Amino acid sequence: MSEPASKIVVRDVYKTFSTKKDDVQVLDGVNLEVREGEFLAIVGPSGCGKSTLLNCMAGFEKVTSGSIDIDGEGIVGPSRKRVFVFQETGIFPWYSVWDNIGFGLGKKMAFDEKHEIVMKYINLVGLQGFEKAFPNELSGGMKQRVEFARALAVEPDVLFLDEPFGALDAFTRLEMRREIVHIWQETKKTCILVTHDVEEAVELSDRIAVMTRRPAVVHSVIDNPNSRPRDPDDSGCRELKDQVFEILGVERRV
Amino acid sequence: MNPRTFLPALVGFTVFVGFWHLATLGNSIGDLPGPWITIVGLIDVARQGLLWKNIVASVFRVAWGFSLAALIGIPLGMAFGWFPRLRNMFNPLIQALRPISPIAWLPFAVIMFGGTAMSSDLSAIFLIFLSAFFPIITSSTSAIASLDVKYVRSAENFGVNGLEFFRRVALPAALPQILTGLRLALGIAWVVVVAAEMLGVETGLGYQVMDSRNALRMDYVSAAMVVIAVIGLLLDTAMARVESTALARRGMAQR
């Protein structure tokens, strides 16, 4: 059995933030490998630095020491090949749905070509008929769909998902989880999801990286043996959840 | 006009005019004039053709001073907002100059721009420029300095940078706050124009106040005040409308 190719390799990454008063060490020698085309979830206690790790992988922040390679090369900065989906939507309120989704496609692209791509992704996320709507006319879930479409429209290899459902209500969150699995299966992007919701990680991911408290390291990476579609309440998923909770040091009463 | 907001406002004005009338009962034009004397005075100055001339002069000065302030203040403020080094260098200076009333500059303005009719226009415009400049530059600076990091990173992520970033992201994101600053600035500019016209110029509503006072025509003074109030209200309403339509067109209607 051959090992799947590595997409992203994080080696001995340290990250320290300097504030006026003192230095806060967030990442304390993180090692992690993300495989090509997989759905990896990163879970950990809140404030442990999982979002910081994601920001470093996306090139928004520089590591203090250590290295992050993508496709075998060190990252220099953000790239259209790796798109970030923000916690509370990062779509632009001054642009219509159409303009938001077309934002990353560049000015030079001919209108017809652009329109075709935009409409393709509007259909993919199920927002037909809302092309001309502005974000303030949309619900939270719909805004998040726009952001997914905006990210996918530039055809990236990697999607960074920073608690993308965190600001949504419980019902919409469940709906969006199903949606993201559908999108992932359709497009086969490498997806890296940061979340503090263990159930979400179990439902969505191929593997789960569990981080410790700050200063954080990756404690372990667990394979998710459950086949899709998944029901978070069946025994396989519950077992995996318990395993993750145990590593996080949370007692679960049955 | 919306009757739900218009009617209460009308009541407020009526109460004020009522008290004004009672407080000034029996006064003559050399005294504190009542509403009726004021209206007669207003018609009088309007008939002489002075009122129109003075309104045009004042509005002209405000238009120039305000436009220059916006033209310089918005780009400069946005640059301060974007470059922290520039901001650290100049923002304390701006904040130190800001509390100086523009009126304090009046003697210097007269020296700087000389005393001819044309140049006294300049000194009035300069004072209005100063009064409008500070709120405009301050709001533009903070609008850009407080840009949502998600917007900046989104743009970065999709390779949108330089002038394109400015046009497609920074400017629209900063627009609501800049418009609020402009509205504030226009209000202050209109307040300052009256004071700016009290020295050196021979037109304008401020001149009318000063000149009528010297002539002991208090009815013309209060008539000028009424006109100043009405125009101030009109300017603010117009500015509020510009603000809301500009935002609505960009999908950012407030509330």
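Visitor: In what order do the four strands of the open sheet in chain A lie, and what is the sense of their pairing?

Guide: In this predicted model, the four strands of chain A are arranged in the order 2-1-4-5 as an open sheet, and their pairing is antiparallel.

Visitor: Over how many bridges do strand 1 and strand 2 of chain A pair?

Guide: Strand 1 (residues 6–18) of chain A is joined to strand 2 of chain A over 10 bridges, in the antiparallel sense.

Visitor: Which residues have the most contacts inside the largest nonpolar core?

Guide: That core has 109 residues, and those with the most contacts inside it are A:Ile101, A:Phe148, A:Leu161, A:Ile208, B:Ile136 and B:Leu182. Helix 8 (residues 162–196) of chain B gives the most to this core, namely 16 residues. Another core, of 29 residues, lies apart from it, and includes A:Leu32, A:Phe160, A:Ile192 and A:Val218.

Visitor: What is A:Leu161 in contact with, leaving aside its neighbours within four places in sequence?

Guide: With those neighbours set aside, the contacts of A:Leu161 include A:Phe39, A:Leu54, A:Val85, A:Phe148 and A:Ile180, and also A:Cys191, A:Ile192, A:Leu193 and A:Val194.

Visitor: Which element of chain B has the lowest mean pLDDT, and which the highest?

Guide: For chain B the mean pLDDT is 90, with 96% of its residues at 70 or more. Among the elements of chain B, the lowest mean, 83, belongs to helix 5 (residues 106–113), and the highest, 95, to helix 3 (residues 50–82).

Technical notes:
Residues are numbered from 1 along each chain as its sequence is written. Chains are lettered from A and ligands numbered from 1 in the order in which they are written. This is a predicted model: local features need pLDDT of at least 70, side-chain atom pairs count only at pLDDT 80 or more; totals for chains, interfaces and linings use all residues. Side-chain values use heavy atoms; hydrogens and water are left out. pLDDT is the predictor's confidence in each residue, from 0 to 100. Helices (H or I, at least four residues) and strands (E, at least two) are DSSP runs, numbered from the N terminus. A nonpolar core is a set of buried Ala, Val, Leu, Ile, Met, Phe, Trp, Tyr and Cys residues joined through side-chain atoms within 4.5 Å. Buried means under 20% relative accessible area, exposed over 50%, partly exposed in between (1.4 Å probe, protein chains only). Contact means heavy atoms within 4.5 Å. Two strands pair if DSSP finds at least two bridges between them.
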